[in-house]
Amino acid sequence: MHAFPLLGHPAAPLFRTPERLITGNGVLHAAHALAATLPPRPIINLCRDRLYFTAAFCAAVLRGQYSVLPGSRAAGPLAHLLARYPDAAIVTDADLPPCPLPVATPVIRLSTLAADGAGTPANPDIAATQVVAHILTSGSTGTPVAHAKTWGALSRRAQASITLFTPVPGKVATIVGTVPPYHMYGFETTVIQPLVTGCPSTTGPALFPADIRARLGQGPQPCILLTTPLHIRTFLADPTPLPPIARVISATAPLDTATAEMAERCWHAPVFEIYGSTETGSIATRRTTATQAWHLHPGISLHPRPDGTARIEAPDATPHVVADALTPLTPDTFRLEGRMTDIIKIAGQRTSLAGLNAILLGIQGVEDGTFIAPEPDAVPGQPVGRMEVVVVAPTRAAPDILAALRARVPPAFLPRRVMRVDSLPRNEMGKLTRTALLALVHEPRPATPATATATAVQDAGCFSIAADHPALAGHFPGCPIVPGAVVLSETFGLMGVEPARLEQIKFLHPVRPGDTVRVTHTTQPLAFTCTVGTQVVAKGRLRNGAHA
């Protein structure tokens, strides 16, 4: 039976804290001491610090138990975990989120680690088939799902990707990660990679630019910045330079080429991406600025399926079908077309959310943003809904962004509106769930303060009707005009009101396909005005109390 040691290089430095270096033997000392205190249960590992997290993980492995890793430390995911694993114990080095715990749930709180000890601690071989972790998906596309991971699969994957973590040949690099250790990406790269291959990892806060500067300064050099597209954009926006970086590695979402090029210019380091998922782990890499092709890790094989997806096979791992559309290029490379669930079909055309979001984020002044796809057509023959866009763009007006999109996006996929917000509801991995986005888009608009003047005009946003909108078919052939019902539908959507209490409406000028219609409104009385440029095209009034 195959087996792999728990630590590949126990005498080597494994973690760099702000105060000192911790060797692999130090981690083993801490793990053995902690293992003696663990109850015989699955362990929900909620430690934030990588050293504490790793010691708790290793302690569970030494006892033949497995760790449960959440996709998030938020109260909702924790409640889901406790319901799924009612017999589990919790290990944490920080306060727990406000979630009611079952009375019988043990909570082990770590404040110190016994990383020093006499003699050389045991470093046992772990069977390749031993399940060491249950890792939950982030829930970005639905309810989080748990996936079992064996020690053999994790060890082989770390060994297969070692060249990615040695930017200077023959010299191990220090990993500076901005991702939490309990997420699959952070777990594989900042916990398993050090354990198996001996690449040291830093500990301490690593979220804001000042944190990253401090962690990179801890060294030793060379350093790898392991991060996400959201963090890269945040760090690039900070004018203070970062200490030397030998390589940047990104994952969790596609990284657009423009951002990768800027990062390489600013940091003088090549930018690589990892492709993978909670289900499969990391399976491929690419240098973003050099190629669109992904290169499979050694030992990974890809088997195409008729629906455009592929089955992934790897040593000591269960074969898994990915949720993305992949096009094989050679036996070792493929092109990523996008998630199957992200493929949008409107008016006989198709595109991907990833592609649309790349266009959106490439618009000057857009700091963050996303397209929101309409709900799938539930009734055959009924018109498909319109796309929506939510952006963080303090210096760009919604009509400007819509105009920029019109020049780059096919008409069928132009959004019904561009909604500006202060921030998007991203989790700690920078991911967005559809539920959180819909809640943001449809949350009630704040009421006008009592001190405001009754006639204060509020800007509800803009919309534009594409030339291939279903309502235009056969409507004024040769001289298309947007029907008034469509204008009202878009207006009510921007205002967040129901149309049932419409009291009065006047259409003063025709609206043509492609026109950018701005909607403004007052609350006392509840009235609206639609304009194209300086031309008023429609005005109306609703009975108060019509807010959705």
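Are E388 and R417 buried or exposed? In this predicted model, both residues are buried. Their side chains meet in a salt bridge, with an N to O distance of 2.7 Å. E388 belongs to strand β26, which covers residues 387-392, and R417 belongs to strand β27, covering residues 415-420, so the contact ties together parts that lie 29 residues apart in sequence.

Side chains of opposite charge can pair when their charged atoms come close. Searching the whole structure gives 11 salt bridges, among them the E388 and R417 pair.

A salt bridge also joins the side chains of E503 and R541, at 3.2 Å from N to O. This pair links distant parts of the chain, with E503 in strand β29 (residues 502-507) and R541 in strand β32 (residues 535-542), 38 residues apart. The relative accessible area of E503 is 44%, so this residue is partly exposed. R541 has a relative accessibility of 32% and therefore counts as partly exposed. Both values fall between the 20% limit for buried residues and the 50% limit for exposed ones.

In a further salt bridge, D307 pairs with R305, and the closest N and O atoms are 3.5 Å apart. D307 shows 40% relative accessibility and so counts as partly exposed. For R305 the relative accessibility is 36%, which means that this residue is likewise classed as partly exposed.

Methods:
Residues numbered from 1 in each chain as written. Predicted model: local features only at pLDDT ≥ 70, side-chain atom pairs only at ≥ 80, totals over all residues. Heavy atoms only, no water. Salt bridge = Lys/Arg side-chain N within 4 Å of Asp/Glu carboxyl O. Buried < 20%, exposed > 50% of the residue type's maximum accessible area, 1.4 Å probe, protein only. Helix = DSSP H or I, 4+ residues; strand = E, 2+ residues; numbered from the N terminus.
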